[in-house]
Every structure is written in C-alpha cells, then in structure tokens.
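Hi,

Here is the structure I promised to pass on to you.

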Amino acid sequence: MPIRPSDLSGFLVFGFWFLVSGFWCSRYLTKNPILETRNSIPETKNQKLKIRNLAFLLLLLLCVPAVQAQDRPPPLPTPPDTSAVNVPPDSAVTVPPVQAPMMPPRDAAPQAASPSGLDKPVQFQATDSLIIRFDDEEGDQGRLLGNATVTYGEAKLEAYTIDILFDKEELRAEGLPSDTGLVGAPLFTQAAETFAGTSFAYNMGTERGRVVGARTQFEEGFIRAGVAKVREDSTIFIRDGLYTTCNCGPEETPSYSLRSNKMKVVDQKWVYTGPIQLFIYNIPTPIWLPFGFLPYQEGRRSGILAPEYGEDQRGFYLRNWGYYWAINDYTDLQVRLGLWTKGSWQINPSFRYNKRDRYNGGISVDFIHTQSGEKGDPDQILRNEISLRWSHNQTLNPTARITGNVNLTNSSYLQTVSNNYNDNVTQTVGSSIQYNKRWQSGRSLSLNLRQSQVLSTGSADLTLPELSFSQSTKTPFKRETGGSGRDQRWFERIQYSYNGRMSNRYSFQPLTDDQLIMRGDTTADGTPIDVAWYEALFDQEKYEQATGQDNNRINFRATHRVPISAPFTVNRLPLLGTFRLNLSPNFNYTEEWYLETERQQIDTTGVTQRDPQTGFFALRQFNTGVSAQTTFYGIFPVKAGAYQGVRHTVRPSLGFSFKPDFSSDFWGYSRDVLDAMGNPVVDTLSTGEVETRRYNIVSGVQGGLQQSLSFGIDNTFETKRVTADSTGEEQSRVLKLFNVNFRSSYNFAADSLQLAPIQISARTNVLGKLNLNFSSTLSPYALNEEGNRVINEYVFSLKDFKFGRLTQMSIRGDFRMSSRRGGGSQGFGNRGFGQTQQPGIQSFSNNTTSSLGLNDPFSTSPFGSFGTTGYGEQGAFSDWSLNVSFTYRITKQFSTLNRTATLNTGFDFNVTPTWKVRGQTGYDFENKEIVTTTLNILKDFECWEMALNWVPFGRFQSWGFDLHVKSGKLREFLRLRQPKQNRDLGFGR
C-alpha cells in the first residue's frame, strides 16, 4: 500500500513519540513500584543496562500492534467471561481467573481498566534471578528464583520459586526438591493467617489463594490440609483436614489428631468440621462425632462446656457440662449440670462481674439432689444440699470501699458433696460484708456484718451489724509552729485517740444430743430435735428449745474507748549519769452501753432464776499505768574465721498498771444473789470464812483489784562477717545469730499466786536454711501433794538450779533445700477460673485466682487439680525441692503430761526431664503412725499429660489417674480419668 503524506506525517509524529516514550518507560519500568525489583544482589551498570534494554524491547512489542491497529476495523465488544462464575465456598476447584489482566495481551487493543484491576503496588525480590517470558501458553510470565518474595497489600508470599502470570494477575509458588526434603517451601501470610505448603496459587485481583499440602497454626493447635482455599475475607475452606496440638515436623505423624474431610474457618473465630474422627498416630479409633467446632481465638466467648465423666458412690456420672455466656465486657454467666445413674442430679449457676478499678465479684450457687437406694425402699435416702458463695469488692471513691465474702454452706455439703480437700477437712466457715470510709483528718468509719459457724457443734455467731468509728492519735495541746523535740513542754506531749463500736450480736450455742434427750426435746421417733441457727434467728421459741436459754436472742452493746498517753524521754538519771530511758504514762477509759441488765434470784427449789430488765445502762471502767523501756549494747571480742565479734543488744522493759475491782459493791455493777425470802445468799468457804454470793448485772465487768508490775527483757545476738574482694577492700555484713526473750508480771493486790507464769521464747536461723523456734512457760508455784491444785509456794531453788515448774514447751524446726532454679513451684496447684475449660471461660484479668475468693466453684477436678506441671528442662533431678519440719510439744496440766512429736516432709523433683514426682508425708512419734500422706506423679508425653494422685492412708484415702491432652480446648474431650474415692467410708454421715 503506498504511503500517503498524511500517513508519513503521522508516522514521523509517532516515531518521535515512540522514542520519547521508550526512554521514559525504560526508566519507569526500573523504578515503578508496580514492578519494583528488590534483589539482594547489588546492581551493576551492565545489569541496569540489561533491564532498560529489556524494558525498551517489551514496550516496543506492546506499541507495534497499536500502530497496525490504525487501519483495522474497530474491535468487536468483548464477550462476557464465562469462567467468572460464583464458585460455592466449599468447592475444591481452582479460583477462576479475573477479567482484568495485569498487562494487555500483545494482540489486543488498549482498553479501559477493569473494575477488578490491581489497586495496590506489587513488590518482589529474589536472590538469584528474574526471568520474563512472552507468548507463553498461559500468557506473559515472570519467574523469581532463589528466596523469592512477593508482597501485595497484606498478602505476602515466600518460596524458592514464584511465577507471576501477568495476564491472570496470579502468583504460583513452589519449593525446590532435594534429597533432604523440600527447600524453600511456599509460605503465605495474609493478615493474621499464615500457611505453609508444597505448592501455592494466589490471585491478586480477587485476593484468593489455594494451598496444596497446607500447614498452619493457631493458638495452641495445628491444622494440616490436603487442599486449603483462602478467601479475601479470611474464610478458609479445607479438604482432608487434620487438627492436633502436637508440634511435630511436616513429615512426622502426630501422636493424636482429629481428622475430617471438610473443615471451615470463619472470621478467625471458629473452626467448623464435618464428620470428625480421632486418630492415634495413623490408627483410627471408635471415637467419632457427626460434626465438630473449635474456638479459633483466645478470649471470652460464649459456648458449650465439655462434660466430665466418671463414677463415684452415686453411680456413673456425666457432670460439669453446660453453657458459658459472655454477656458483655463486664459480666458473664456459667451454668453447669450433673447427672448420675442412681438418680442424683446437680445444678451449679455462677455469675461474675468485673469493671476495672471499680468493682468485681461473683456469686455461685451449687444445689445437688442426692438419691440412694431403690424407689419405695424404706432405706431410701433423699437429701438436698445447697451451697451459696458470694464475693464482692468495690471502690466507691479513693476514701470509701465495700468488700464482701459470704459462704453459706453446711457441713453435710462440705463433707459429702464438695470435691475440694480443704472443704472436706474444714471445721469453721464464715462470712463478712464490710464498708470502710476514711477522712484526711484521721477519722475512719467501718460497718460490718459477720457470721461464723462451727460445723462440729452447730454453734454460730452473727453480728448484725457492727458499726465502728475511730480517731487516730491527736495532740490537742501541741503548738502549730515550733515546740518540737526537747523544746516541747510536758502538756504538749499529751496525746489521745478514740475508738467507738456498736454491735448487735446473735449467739447460738445449741445443746448436745444427750442434753436434748434428757430435756425431752425429741421427735416422734426419739431422735433429738435439729434446729439450725438460721431457724432460731427468726423464732424465739425454737431458739429457747435448741439452746435452753430464755434470754433475748439479740445482744446490743456499744463500746467507747479513749486511751490517753504522754510519752517522753529521760536522757539522764541520778547515779547513772547519761542514760536514755523512754517513759510513757497512760490512762485508758472504757464505757459500754447496754439496753438490758439482769437480776438473779434463787427460788424455793434452789434453781437460779434470771430476770432480764429492759433499760439503758452504762458500764464505765478505767485503768492507768506507766511503762519504761531502754536499750544498751555489749560487745564480746571473739573471732572465728571471717566472723568478728558478737554484739549483744539488750532491751529491758518495765511497766506498772492499776485497775480497781469493778465487781465490788462500791461501783454498783454487781448485786447480791437473793433467796426466795429476799435475803442475800451466803456461801461458806473451805477456810471457814463466810462470803456473800454476788453476780454482775451485765457482762464485761472486770473483777479483781490489779496492781501489777510487768517486766521483760529481749536479747539479740549478732555477729559481723568480714570478707575481702579481689582488690583487697573489706566488706562486712551483720548476721543475726539468735533471739532470747523473757516475760512475766507480779500483782501486788492479789492475796496469793502474785507472780504470773514466766514465758521464755527463742529463735534462730542456722546458715539461712534451718529455722528453730523455742517457747516455754514456767509456773513459779508448786502443786499440792495430790498434784491437782496449785499452792502458794515457790518452787525456785538456786541450789537445784530450778527456776520454775514446766507447764508448756514446744520446739519447731523448718528446713528447706532446693535447686538454684527453685524447683517445685509449679504443678498440682488449683486451676484458676477458665484455665482449662473452653470456650470462653477466662479470667477478666491476668491473674488466675477465682473472683469468688473461696474455693473456686468452677474447678472441675474430682480428686485434686492436675494443673501446670512445670517439668524440668535440664535433665534428671535438675529441678527439686525438699521441706522438712519437726514439732515437739509438751503440756503438763497439774500432774498430767501430754506430748506430741511429729515429723513432716514435702518433696518435689524431676526423675527425668519428663517425669515429675511430688509428695508429702509425716510420722507421729507419739501415736506411732504415719500422718496424712499424698503422692503425685506426673508424666509429660509432649502432647499428653499423665497424672497420678494417691492418698494411701487416713480418712480421706483415695487415688486418681488422669490422662489428657495438653490442649485447653480438648482437655476434657480427650481425657481418660479413673477417680476412686472411699467417700462412703471416709465422708459418711
């Protein structure tokens, strides 16, 4: 075809544009971030020239078709891409290519960018080379060799070889086969997902990928897949999936796994599966479920709680299964259920709340219906037990706070229902609710509600409520400026404080069964009545029937105490010269208010009748005294090796106190006991003297005149250890050797036995390992010939070197050794709320202590918690501890001598890096028997944990075997537990 002038001019214009564009494009291709090369090999001038020439040639090939297209007819509209169909999420086919290519094909005219085109830069690098091929069967391609990396947005692909398919906007990666395995296996990361596999394909337009032989990890578990597809919303579809918590290599078979043909991970929260089966290595087991789901992320979340199974005296059970509901960020609710084959059932709802720096707490109710025996059997027992525990801690403001700890539980529940050892052996339970408020002026206010119960006797004490107000020490006469130290006058040293308390007390002391039977308070079958303390609290008749007392159930009392003192220091004494002596005269005033007093009279039958009198009454009492204390030192110039000198510190103290006899007739707080005729009752003493019988009209009257001189002396012995370092500079350290203390008092007002028992105590620490404590009490008076009464005769004898009669002595020793790593701190501790139960059962804070404060009601182990084992990491016996304690005690009441001698030991060590042993035992030398002994053996199987708990002796003898996987999510599902407890014999009623 001849060239027309218009064509020639157009060709010249195009040629000029081509030259300019070629030069600019060559620079663009080497710098544009879309194809930015980040090669780890430094570029040379020749390499840069090659890249520019390659880019110029690529541009030429792309531009020539554009010149030829000027004479061609307009292209036909592009037909719709039939491959761009929506593939179902669980399809295993390859993700279809998108419509917009990365680069236009050589035989296509330029078109407008497709809506699905790339909108982020593609960055890549390789340590070996970059190869670009044109006119390939699959279009234009680029290949990165040697530690290749391609990054597109949040997606990152690493492999030995990565192919870039420009037309399809697709990346394909694979590793390099070798004799030792696959080198540079593909590793893909998108957002929080990371996959490794044998081959990988990723479409940058749709942001979808496909991994063959995929492996990934989340939390404590690992997933393997024959094929895994990753969608742009992080949804993962898995074919031929395997889940395990065993951290083993790609070519290794895990010790256990859960396998399913189909798995799906949604929103990085849950893993859903089709039919799932347990495999031990590659051996299928009968454990099979029609479907499964696992939590995919840490944190609180609602879900079903896995059950526990086993057998006890109520039959085969399935318990602690239920539902956990994470209501919001501040509250959650858990409901657990239990069923037994013999008809018993249990329900345990627990509610918690926590708002940081404001309040936290929880309430737990445990109700169990126990059934034993056959229906209709006369020996059938139906019993309901309930336990209520509540704790609350709230900071109202920086100066006010509310705390509560309530435990309403009876002895039957603790001994027959609870699986906690501390519950089984406890004898006293208590509850309290307290409000505290303080002011900057030193004043404070406290409101308390308390309850305590002795389970063995059924007695209880309640304070409903108790109001306390206090004022810290004040110096009312001290000058605001100046007047400190020696410049202070005597009256400026006067100081006082105030403590006030008002209480309503309920005391329940039931009669014994024998006493109730003697009184005739029995049921129809002759058994004594059983009245609980809370029943008697609201019923005066039941209170009198259970306690045998007809007085008022509630006892009101208000107490005011005002201590006054004036401490000062004397620096000089006559005859002694300079001598520092601390003196403190004191005066203590106490006033108590009552709303009821008592009158006593003996009737004609000789029974004392107590008649309460309603009305306000104030009991005012006081005592006064003075105390003195000083300190002096002595040095013994002895030397033994690095130890130089012994310093003896002496702290003597002396005090005198005076208190009147407020039970005398002068004060009006006591009265004569009258007979039926209104005459005072007179008692004849053994000495022949006659004495009128008297009684106190209120409790709290302090009887007996007291003019007591108390004295004591504390002795501390220390030494100094002097060492020299490499430079010759000496360093010294003071070491305490031992303490010895003496205490006693003398009452001048007593008619006999004026000298109080002498108390001696001593303490020492040997080499920082052995603690020894010694205490004893010596009576200065002898016994009568029968040995059943103390007489007013001293036993002191300097000739016989006898200072008193021994009435009590105890020696306690504690010895501890451990490896430098401090072994034994882990293992067999009580699991905190949410450490093992999934989903969602997790503490609001980082600590693992239950917010309920008491025994954690969410603990699920039936025979003791097998928690974190803390195996050693340095070989056999590299982590160990040993504790030995010894107690020897003598008590001699008159001529009866009682002795106790017990040796206790506790040990914890690793037999091997995977075997751990912990135990405690002891021996009672007096009873010649072994005391409570426990032995715990743990084994780490890498993916599994085994624990054996054995109590071979005593009332609570039991054994338990537990084998479970380490995974917190699968711990209850994959667990073999064989507890066996002798509860019927040990805990029977």
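Let me start with a term: a salt bridge here is a side-chain nitrogen of Lys or Arg within 4 Å of a carboxyl oxygen of Asp or Glu. Before the findings, a word on the source: this is a predicted model, in which local features need pLDDT of at least 70 and side-chain atom pairs count only at pLDDT 80 or more, while totals for chains, interfaces and linings use all residues. Residues are numbered from 1 along each chain as its sequence is written, and side-chain values use heavy atoms, with hydrogens and water left out.

**Salt bridges**

The structure holds 19 salt bridges. One of them joins the side chains of Glu592 and Arg557, at 3.4 Å from N to O. This pair links distant parts of the chain, with Glu592 in strand S34 (residues 577–602) and Arg557 in strand S32 (residues 554–565), 35 residues apart. Strands (E, at least two residues) are DSSP runs, numbered from the N terminus. For burial I use relative accessible area with a 1.4 Å probe and protein chains only: buried is under 20%, exposed is over 50%, and partly exposed is in between. Glu592 is buried because its relative accessibility is 7%, whereas Arg557, at 23%, is partly exposed.

Another salt bridge pairs Arg501 with Glu466, whose closest N and O atoms are 4.0 Å apart. Arg501 sits in strand S31 (residues 495–508) and Glu466 in strand S30 (residues 460–474), so the contact ties together parts that are 35 residues apart in sequence. Arg501 is partly exposed at 47%, while Glu466 is buried at 7%. And where do Asp908 and Lys916 lie, buried or exposed? Both are buried, and their side chains meet in a salt bridge of 3.2 Å, N to O. Salt bridges that share partners also join Arg450, Glu466 and Arg501 into one network.

**The disulfide**

A disulfide means a pair of cysteine sulfur atoms within 2.5 Å. A search of the whole structure gives 1 disulfide, formed by Cys246 and Cys943 with their sulfur atoms 2.0 Å apart. Cys246 is in the loop between strands S14 (236–244) and S15 (256–266), and Cys943 is in the loop between strands S53 (934–940) and S54 (944–951), so the pair ties together parts that are 697 residues apart in sequence. Cys246 is buried at 4%, and Cys943 is buried at 4%. Cys248 is in no disulfide, and the nearest cysteine sulfur, that of Cys246, is 6.0 Å away. Cys248 is partly exposed, at 21%.

**Strand pairing**

Two strands pair if DSSP finds at least two bridges between them. Strand S48 (residues 805–818) and strand S49 (residues 880–893) run antiparallel and are joined by 11 bridges, with Ser810 opposite Arg889 in S49. S49 also pairs with strand S50 (residues 896–912) in the antiparallel sense, over 14 bridges. Lys892 has Leu897 in S50 as its bridge partner. The hairpin of S49 and S50 has 2 residues between the strands, and Phe894 takes a positive phi near 60 degrees there.

One last item you can look up in the view: Phe291 is in the loop between strand S18 (283–289) and strand S19 (292–295). Phe291 is exposed, at 52% relative accessibility.

Happy browsing!

Terms used: Helices (H or I, at least four residues) and strands (E, at least two) are DSSP runs, numbered from the N terminus.
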